[in-house]
Structure formats: structure tokens, C-alpha cells
Amino acid sequence: MEILSCDVLVVGGGGAGLRAAIAVAEGHPALSVAVISKVYPMRSHTVSAEGGAAAVIKPGDSLDAHAYDTISGGDWLCDQDAVEAFVKEAPEEMLRIEHWGCPWSREPDGHVAVRPFGGMKVQRTWFAADKTGFHMLHTLFQTTLKYEGIRRFDESFVTRLLVDEGRCQGVVAIELATGQIRAITAKAVIVCTGGCGKIFPFTTNANIKNGDGMALAYRAGAPLKDMEFVQYHPTGLPFTGILITEAARAEGGWLLNKDGYRYLQDYDLGKPEPKPVLRSMELGPRDRLSQAFVKEQEKGRTMEGPYGNYVHLDVRHLGRKTIEKKIPFVRELCLKYENIDPVSEMIPVRPVVHYMMGGVSTDIDGATPLAGLYAAGEAACVSINGANRLGSNSLTELLVFGARAGKAAGVFAAAQRPAGPAVLAQAQDEGRRLEERLGRTAGTEKIATLRTEMHQTMEGSAGIYRTGAALEGAASKIEELRLRCEAVSLDDHSRTFNTELTSALELSYMLDLAAAIVQSALQRKESRGSHQRTDHPARDDGKYLSHSLAYRTEDGPPRIEYLPVTITRWPPAERVYGR
Amino acid sequence: MRQTVGVSVARYRPEQEAEPVFQDYEVPFRKDWVVLDALNYIKDRLDGSLSFRWSCRMGVCGSCGMMVNGQPKLTCAAFLSDQGEGPIRVEPLRFFPVIRDLVVDITDFMRKLKKVKPWIVRETEKPVAEGEYLQTPDQLDAYKQFSMCINCLLCYSACPIYGLEPTFVGPAAIALAQRYNMDSRDQGARERLEILSHKDGMWECTFVGECTKACPKHVDPAGAIQQYKLASAAHWFKTLLPLGSR
Amino acid sequence: MSAGVGYTPYHPRWYRRRVSVWWWMESRSYTGFVLREISSVAVAFFAVVLIALLRALARGPEAYARFAAALASPLMLAASLVAFLFVLFHAVTWFHLAPTAMVVRVRGKRVPDAVILSSNYLAWIVLTAAVAFILLRG
């Protein structure tokens, strides 16, 4: 088995991973840093983010205001020290990426422009038309090309973290093009692999969002924090789940039910005004808007379509000029995928899974409880997003925590010894396991079947509204699927670019994470943010002002422990929108 | 209204075949299905051994470029109903080495991308604490179109020059170089000109124009290259003048 | 550890299809492109004829008469007709390519392609009319 080594290994080549790599290359030029990703970095899912990235920059705004919006948006489950650090470092990180060439939209005088966004009291969302994630990712990727010291392993699929002496010391990965299995030892590993939306059937997420890094960390013994908090974005297209950015509502779009009525006013989100009002109506937080949809559906006021129920997003009153200037990509997507021109027709939308607030538990420097293992971005849970993330905070999060994790990993790596023989023996074991998996000819299950069953279970039981009984049922179903996954048969035994093998490995990652999501949701007997229990409809700060931590057990469901939320200056209060 | 449509897919398994062969499948015909949906149906239900790249399925990641009926297309944006009677022919992107089935090797492009220095080059850096570089909306418009490239490489498959001379830097790489040249914050035009005025650079291009036709994001790489040639020629004339810039 | 991309750069099993020598017949666009390139030969042809004409003129009336007779031969007439059609094709295709290459900005906004295209056609028509007037007047 080929064995390579580096000092800091970044798993995942999206916004957080690339920012972390640059942080190591700049802050610790004597260390070697590598980025390993199962796709080329410019294919990472950061590319599809549309709306914008928040940072305080305009007069009339303040760090405290951004912090308060984030904390209340997260229904007080955010660690306030982390939020304070986040809002403080955000403007500098955003200016840094501007210096690297990010084409932010501008005001006439040349300064960076900002737009309103959901849950924010003040306009602070920087944007690059409505392709912010695309521009940020390409800027970061092209900037990494400038550093000779950043090495890349493109299209290499990580299958296991190597852990020895209580420390993470590298990975085992398959080079997809040749099927070669390699061990890459490292003195610090940073997981930046994104979320796991593909556990659900309707999602804005790309095919590659299977929670690889979260599952790898989980299997290595690191806990997953707040997994029960799954964000449904209120406006996704019905068949494909393609994201219609929040910016469409920020610019003034309305959500209408089948009677053409702006139904959000019935759900304590304020009064309808002709122009968008911050923190009100369509600019409320995503969890409340998605929940409103479900209630409308129960009342029979949504429209039925071939791919489920939907409501209308109306942007016609914005006019062609504003649409083409501020949300041109939205128009392009609607024309292409729904054959609808938002200039003259209403867009059919429904809530779809979009973001995982939960992830690998880290502190405010991106360090997990497993020494040598760091995490940043959607794969991590610091937590700054709490029970519900505000739109445009996650793109900024990539930069702030990508940089923090990179710096911290660099400091740690500089003080470590190289990997010993025990690590290499582990790698050999993993290599043997993969060879056996690839060569196995017997098997009774098909990947697509198990995936469909997982989808049905998760959407039915772990969706926007949950009950204890449904979650119990889901827990045993997921456990059954996990066992059946061991018996998957492959049609493809080639070593060259075997995507069926990787699909099978991804499915097993997703089932592990599904078990963590379901168990965490089952144990949290309250409703907060995006976790809503119809059998426990109230928020319970007495018992649950804590993060859930899911630990993998040898056999049986994950063990759930609780970690109190860090409160500094904003004691828990009522979450108010529209008043 | 037809129920199914034939899809003829190029297969190449290096352990089994010396060159690609076509394999025929029958997939459901749905009016909102794209070619990518058909390929996923094949992989999920008919033949798990079909390998292809895809990710975002909304035309922004650039992974799913393939030849559909002889034309380079993003399969996530090519509706089955637009591909004619069928069988629909799906092949790997032309002019790239084929690793497996519909997967091609793009390391040549990755190398060329790095070569053109696609980052902001500054003689003097402005400290972040001093705020953003000012850039008016008109200055942003000057390069914005060229910044829309998703690196899908359809333009390389459309360019016969790249097919005949694989050392040609190629449309997307040159367009990205021009994107930075035209960015008011960049000061690296001279360095890039050095690189791209050599053999295999912009002058290999003979303005066939197919790259712009194939581009799904309206980047207009042909325009970028011709504009670059004009700027480059103007710069060269200036160097001939007695007090001209060097 | 070495810097740069850690990736197997070339694998002998990867398949490379040969580009056919008839690549330009595969699509209308490609064929049009090749014809456009060949049309420069027609332009060169007229340039050579013009130079030969000037040389004949310089040598006196008999040389010029011989040259005029040679131009009127059926072969030359056919060649001139073909070349003329190619030159028309050449002009039209290059006019349509001009807006892509020429980005003219007036007060910060890009001049639309249609304006550049129509200015070219207009200039062509005006010049042709002027030349025709001079020739046909005398």
C-alpha cells in the first residue's frame, strides 16, 4: 500500500476546506498541507449557494446586532462565545476574500453592497448577484493555486480516519481514477466535507452531500452535536429540489397559498406590507416559514402537484429589471427547470432539506474532542447556528471557521511526531476491508432500494414535524437498513472509477448519520427552532438549553449526552418576528 | 405519447475493452427528465456498473458534461424531450482521454488553469484593515461575464483546435486569464500576457467560435480570446513607439 | 514532501480517440469555419490579380490588352466568379464575428452588437455605392 504523509490534511475541498488550507499555507509555511476531496474542488457544493454572506460593514449596523439576530434565529441554542467571535471576525474575512478577487456586487460609489436577508434586523448580507457561493468557491480555489505549498489529492475518496494513541493521524483513501488504495498520514486532519442532505429525498443538496466526514469522525469516536436540527429551506422547486434563493424574498417576493393569500401573516410573523420588512413575514427565519407551509398543507390551502404539495412564490411585482439585476440565476433556473418565467408567472415552491445545523462537535477553534481532528463548515457544529441557521451566515462561517481550524491545526501539527507502525497497520486492515468489499460477488440488497427506504423513513418520521412514536419506528427501521447495507451486492467490480463502490460506502455513511439524527431527535423532548415535536410542542430551557452529543456505540443506537449551551450576554428570551 | 426512449451509452472498462463500445438501454420517457435522470435510472435499476460524474444537477458545478447526440452538453440541463426520436447517444466529452465509461481525465485543464495565474496579482497589497478595493458597477461589468465559467469544459470539446493540438491552452483557461486582466483590482496583465502570447497561447485560436456556442453559462470565451488578441496586439504596437510602454 | 498535485498524471489504460482527418465535415459549423478560412485564398487571388493588372498597365497598352483578354477567358471568368462568392462569404462572416472581438464602450456601457454589425454593413454599402458611382459615371 502506498503511504504518503503531510503535516495538515484537509478532507473536503469546498469553501471551508480551501480557506483552511490557505490559513495553514500562510500561517505555517514550514508545514506541508494537502487537500483531499472526492471531487475536484470547483465541484464542491459551496458552488451552488446563491444568496449571500453576512458581515457587519455598514454604518448603522453593529456586531452585537448581528450576534443577537444569529442567537435569536438559532432559538438560543447557539454558543454565544462562538457567535461573538464569529461576528467579530466576519468583516475581516469577507474583506480578505474581496482582496482575493471575489466579485461582490457594488453600490454606485464602488463600495460593497448589502441586501436584506431572513432573520436579520439590519441589511448586512454581501452578495455576488445571486451566485455568491459560486463566486466565493472559485475565488478561493483559484487563490489556492497561487500557493505552491498546497498539494491536492483530487477525486480521492476517504474511507477511514486513522486513530492511534488517542490522536487522529491520517486517512485511508481510494484514488478513484486508478482504484489505488493509499494511506496518507498527517499530524492534524481537518474535516470540511459538508452536510448530509442526501439522507432525505427532497433536498437542495447535490449528490455528493452524504456526510462523509461527519460519519468518519463519528466512527473514529468523535461525537456529533445537535444532529436533530435539520433545516428545511422554504423555497425549493418541487421535482428537483433546486434552491430558489432567499434573496428572492429579500428583494420583496411573497409566499402565496392557493387563494393568493400571503399566509405567513397567520403564523405570528407580522403584518403583510408591500415592501419587505426585516425580520418579518417572508423575511422571517427559515424554520418558521417551513413550519407554516406544513400547517397550511394540513388546512388544505396548498396546491397539489405531481411531486407533492406546493405554494407560490410571487416576484412578478419586482419587475423585469430588478429580477434580471438582482436574481438573474433564479430566473434562469425557473425558465430551465420549470418552464416558468418569474417575470410573468408565479414560481411553485415547497420546503426542502437544505442544511444541517448539526455536525462534528468542535470548540471555537475548530478542534474536536479527538486530538488532532478538526472540523469546519457545515460538517462541523461549533455551534453558531443553534437550532436554526439564518440565511447568509453559513458562507461567512466557512471563511471564519475554516481559517480558525486551519490555524489551530497548524499549531497542533507543528508539535507532533510522525505516525508510527500502529497507524500503518490500521491502514493495511482498512485496505484489506476495501479489497474484500470490492471483490465480493454474493449479496442480496441493491443500493437504490435501501436508499429509497431510508428516504421514505426520514421524510416521514424525521421531517419538519416529529412525534416520539414515529421516531421510535424510524430508529428501528434505520437499524434494519444499516444491517441490510452490509449485504449490498455490486454490479461493478472494476478498479477504475468505480462509483458503485463509492455509492455503497456513501450509503453506509448516511445510515450511520440517520441513526444519530433519529436518536438525537427522539431524546430531545421539546420543540426548538427546526426540531418540532408535536408531542412536546414547547421550548424547555430548563432541561434542554443544551446541545445533544451523539456517540457511536458498538451495537445499538447512539448514546446521547448533553452539553450546556454557553450563554454570555444574551439570556434566553422569546423569539419574536414581525412585531 | 411515447413511454420509453432508447439510450445508447458508450462503455469503456479498461480491464475488459481495448476501446469504447456502445450499450443500449431503454428508460422511461418523462417530460421533466433530463439525460442525467436517464443515466441515474440506468445506474439504479438496470446496470449499476455505469460510471459518470454528477453533483449539483442545476448547472452550476460543471461535473456532468458529456456528448449527447454528438454535441457537448451538461446532461443535467439536456431534457430528454429535446433530444429527438432516440436512441439518444451519450458519450464521454470529446478530445479528453477516457478513464472509464463517461468519465474523462481533466488534469490537462487543471494544469493549464494554474499556468495562466487565475488570481489577483498585485504589486502592492492593500491591508485588509483599510477596507475593500473600490470597484464601480461598470468596472464589475467589464469582467463579470468571464467570471461565470463553471469549468465544465464543454468549450474544450467543441474546439477543433484543441482536438487537433492538445497543447493549446484552450478557451476556458484564456477566458479566465482575461477575467483577471479586466478586473480593476488586478495588476497581473503583463505577467499573463507573457505566458499567453507564446505558442499554444491565445494565438493558436483561429476564432472557430464553437466554444461560445457550447458554453452553457454565456461566458463567450471566443469573445474573451479575440479581445485579448486585440489588447495584446495593441500593446505590442505600443512597444514599437519610441516612448511606448515596455 | 513534494508540492504540486498528488495525482496519477497519466495512465496507459486511458483511451484516447484519434481525431479524424475529416473532422471538419462533422458539423455545419465546422465546415463553415473551414470555408471561411479558405475564403482568404480568394482574397489573396484578387490581390494577385490587382498586382498583375498594375504591372500590365505599367508595361503599356499592348501588355494591358493581352492582360484584359486573359481576364476574359472562360477559365478566369469562372475562377473570378467563384472567388467573388467566397469574398462575399468572407466579408459577411467577418462582419458577424466583429462584435465579439470589438468591445466598444461609450460612457461605461458596452455598445450593442447590432450597432457594430450594422455600422460595418452600412460602411460597406456606402463605399460600394461610391466606387460604383465613380466607375459608372465615366
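Q: How many of the seven residues of strand β11 (residues 230–236) of chain A are buried?
A: This is a predicted model, in which local features need pLDDT of at least 70, side-chain atom pairs count only at pLDDT 80 or more, and totals for chains, interfaces and linings use all residues. Residues are numbered from 1 along each chain as its sequence is written, with chains lettered from A and ligands numbered from 1 in the order in which they are written. A residue is buried if 20 or more other C-beta atoms, placed from the backbone, lie within 10 Å of its own. β11(A) is largely enclosed by the rest of the structure, because the number of its residues that are buried is seven of the seven.

Q: Which residue of β15(A) is the bridge partner of Gly236(A)?
A: Strands (DSSP runs of E, at least two residues, numbered from the N terminus) pair if DSSP finds at least two bridges between them. β11(A) and strand β15 (residues 347–356) of chain A run antiparallel and are joined by five bridges. Within β15(A), Gly236(A) has as its bridge partner Arg350(A).

Q: Which element gives the largest share of the side of chain A that touches chain B?
A: Two residues are in contact if their C-beta atoms, placed from the backbone, lie within 7 Å, and the contact takes 44 residues from chain A and 42 residues from chain B. Helices are DSSP runs of H or I with at least four residues; α3 (80–99), α4 (132–144), α9 (328–338) and α14 (499–523) of chain A are the elements that give two or more residues to this side. The largest share, five residues, comes from α3(A).

Conventions. A residue is buried if 20 or more other C-beta atoms lie within 10 Å of its own, exposed if 12 or fewer, and partly exposed in between; C-beta atoms are placed from the backbone.
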